[in-house]
Amino acid sequence: MPRSFIRKGEDSMLPFSYNKDRCRMYPVNPGTLYAYWDYSSDTWQRLERIGAELAVYLVPDKGPEERHLMSREIKSYYFKGLREATPYRLRIMARGDQGEEFLLESSIVATPAGHPSEDSTVVYASLRIDEPLPESESKSGKDFEEETIHDSRYYFEAFLKGTQKGKTVGSPEPAAMISEHFSHVTFKPEAEPLHLPSSFDLAKKSNHRDR
Amino acid sequence: MTKGYVSLVLHAHLPFIRHPEHEDHLEERWLFEAITETYLPLLHIYLGLMYDRVPFRMTMSITPPLANMLSDSLLQERYVRHLDNLLDLSEKEMERTRKKEPQIHELAVMYNHIFTSCRKTFVDRYGGNILQGFKEVQDAGHLEIITCGATHGFLPLMQHQPSSVRAQIRTAAGDYERHFGRRPQGIWLPECGYYPGLDKYLAEEGIRFFIVDTHGVEYAVPRPVNGVFAPIYCPSGAAAFARDRDSSKQVWSSKEGYPGDYDYREFYRDVGFDLPFEYIKNHIHPDGIRLNTGMKYYRITGRGDLGNLEIYNRQNALEKAASHAGNFMFNREKQVEWLDGQMDRKPIILAPYDAELFGHWWFEGPEFLDFFIRKTAFDQNTYELTTPRHYLEEYPQNQLAVPAASSWGDKGYYEVWLNGNVDWMYPHLHAAVEKMEELARHPRRGEEIVGRAIRQAGRELLLAQSSDWAFIVTTQTAVDYANQRVHDHMERFNRLYDQIQQGTIDPDFLSDIEAKDNIFPNFDPGAYALTS
């Protein structure tokens, strides 16, 4: 097995590898995603047999994919210069003399937003704090799939879809929870968000009002 | 008739540090310092306001690790020993300075009074468990205590493992109930770390509101019409409140913030470093390591070096705190007045801070709060103090939106907890979660010793997940200790896992780590069994 996960601060008491095929990706900031991966011994042997290096593809939901070639010893990577609020999937291929062969794939992960949304839909809902929320689906054993895209736009669109159609649209489905317990949902015309003006200067410490 | 609301939120947190195996563990002092310098002074302020019948409402998170340490009898005993040592030191200092250093003598007397009053409250009034004091203030309707992740785990880096997020939230909510006799209605997300979808797990536990950094709401989808001055409802029904940038800056900013005022006490000059070793040796670490005692005699003075400071003048500092409280109030009034009429409701200005800023780092911080609350009550009519819960009671209708992925860490996202110095931790933590999911469904989990071992494995995993370890490594403070903690908990977890799976549980090993890592006595690993 390769030396995996040996990084600063680590000693040999923790395993080098967990002997499982894993590829996980996480947002770092609007322009950066971090991914790490590990192999089962079967996959690692296959990788060695091919004599391969890795072709790592970062695939956005729209637009061209990025391709990074790297040594098969590498097991984590920071992908920088990405588009904000964009879902990406990582696909790792073994690249040998015979071409490329699929190894691992991450779930879809969105980079965080770095700017206000352009979506100016206004939806109000009422919900009394003294009334309990109904039990969600997961309490009865269901759950979000690992494939869930943790992206604000995705969740909001899923909610609207469920509300407007008056039915749920499958897991993950925020509307399945919300439509039952929000007492009413109203759509209002688009509006501009409220900001304190940049000229809004706070009184300096020396200008405080008399005590 | 007021025109808006201000909501103060203090986040009280320390990682779980408890080392029964050492008589005097250096890092346990973090708790002792915070009790003397922050938690008891804040409690004194709250009790004083109640005694004077000052109307006030505020919010405070007391994280589960902190609550578990504050209610732990070993740490309580050790704190009293620590405090008694400080009392001895202050008496020695009163004697040493009586004749030749009258200004410093006055300060030594002040510290002696502070330590005496701490002892009275801690021992005589609350029998060692000051959580009871905070509960008293909550039950009187002035304080809304909210919870946090079970061990302050950074939840965005658990987003692919719902069981892990659920265990952090569910364990926290259950532990809150054990301490405060009711379910929590709000949560301080560890490091304000949010990812879209997280609120679902809060709603599962009946948690109705949480707090995100400013851009968590500013960059929400769709963009909120009221900016950060009203909460938004997430699809789960939980409400997100955002930090107000201006009120934060006035307190936090190293340039413009109040705590840097030259009249305030200087943190980095302490008798533990200043006085001769022979004189101070019984009041620092027994190994001879010099450390902060909490007795500090100098004011910030200016931008010069620490060796050239003027003696602290308590009266001047308190006057400055009152002045800053007036300034803070005035600026909140100005904000509320500007917002008045531009919204379909009264705005809420949410001002969250680390509790330990008040008293520990900013010595006069508790008095600043006291002045601010009293001035708010009696010197103005523009706004009232409220809590997120009360605001939601008044305004049950709110805009629906999904907050943006965010944190209140440096640069506002996740890099404080995910960077080249700390990323080695996550493959181990994530692998341990997968193993914990197996353990939670273990066919022999009903057997006494297997159940105990599974519960302890869960505790070790939760402790390893604390965001503090990555934070400490990233900020290069107690790096070795933080790295060691992750190793220790992961190794204990892995050893337990192997023993459980092989049917070879070592009862001595189990008892030993149960005694060491005794957080969450009622821990239920069931949350790890709920993934699909």
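This is a predicted model: local features need pLDDT of at least 70, side-chain atom pairs count only at pLDDT 80 or more; totals for chains, interfaces and linings use all residues.

Modeller: Chain A has 3 helices and 10 strands. From the N terminus their order is β-β-α-β-β-β-β-β-β-β-α-α-β. Of its 211 residues, 32% count as buried.

Now the helix pair. In chain B, helix α3 (residues 73-97) packs against helix α4 (residues 102-125). The angle is about 155 degrees, and the axes lie 8 Å apart. Angles over 145 degrees count as roughly antiparallel, so α3(B) is roughly antiparallel to α4(B). Their crossing is left-handed. On the α3(B) side, the contact residues include V80(B), L83(B), L86(B), L87(B) and M94(B). From α4(B) come, among them, I104(B), A108(B), V109(B), F115(B) and V123(B). The contact residues divide into 12 nonpolar, 5 polar and 3 charged.

Next, the backbone. Most residues other than glycine have a negative phi, and most peptide bonds are trans. Chain B has a cis peptide bond between V221(B) and P222(B), with omega about -10 degrees. P222(B) sits in the loop between α8 (214-218) and β6 (232-233) of chain B.

T301(B) has a positive phi, near 75 degrees. T301(B) lies in the loop between α11 (277-280) and α12 (314-339) of chain B. It has 18 C-beta neighbours inside 10 Å, so T301(B) counts as partly exposed.

In chain A, N19(A) has a positive phi too, near 60 degrees. N19(A) is in the segment before β1 (22-29). N19(A) is partly exposed, with 16 other C-beta atoms within 10 Å.

How values were computed: Residues are numbered from 1 along each chain as its sequence is written. Chains are lettered from A and ligands numbered from 1 in the order in which they are written. Helices (H or I, at least four residues) and strands (E, at least two) are DSSP runs, numbered from the N terminus. A residue is buried if 20 or more other C-beta atoms lie within 10 Å of its own, exposed if 12 or fewer, and partly exposed in between; C-beta atoms are placed from the backbone. Axes are lines fitted to C-alpha atoms, for helices over the stretch in contact, and angles run from 0 to 180 degrees between N-to-C directions. Angles under 35 degrees count as roughly parallel, over 145 as roughly antiparallel, 65 to 115 as roughly perpendicular and the rest as oblique. A crossing is left-handed if the near helix is turned anticlockwise from the far one by less than a right angle, and right-handed if clockwise. Two residues are in contact if their C-beta atoms, placed from the backbone, lie within 7 Å. Ala, Val, Leu, Ile, Met, Phe, Trp, Tyr, Cys and Pro count as nonpolar, Asp, Glu, Lys and Arg as charged, and the others, Gly among them, as polar.
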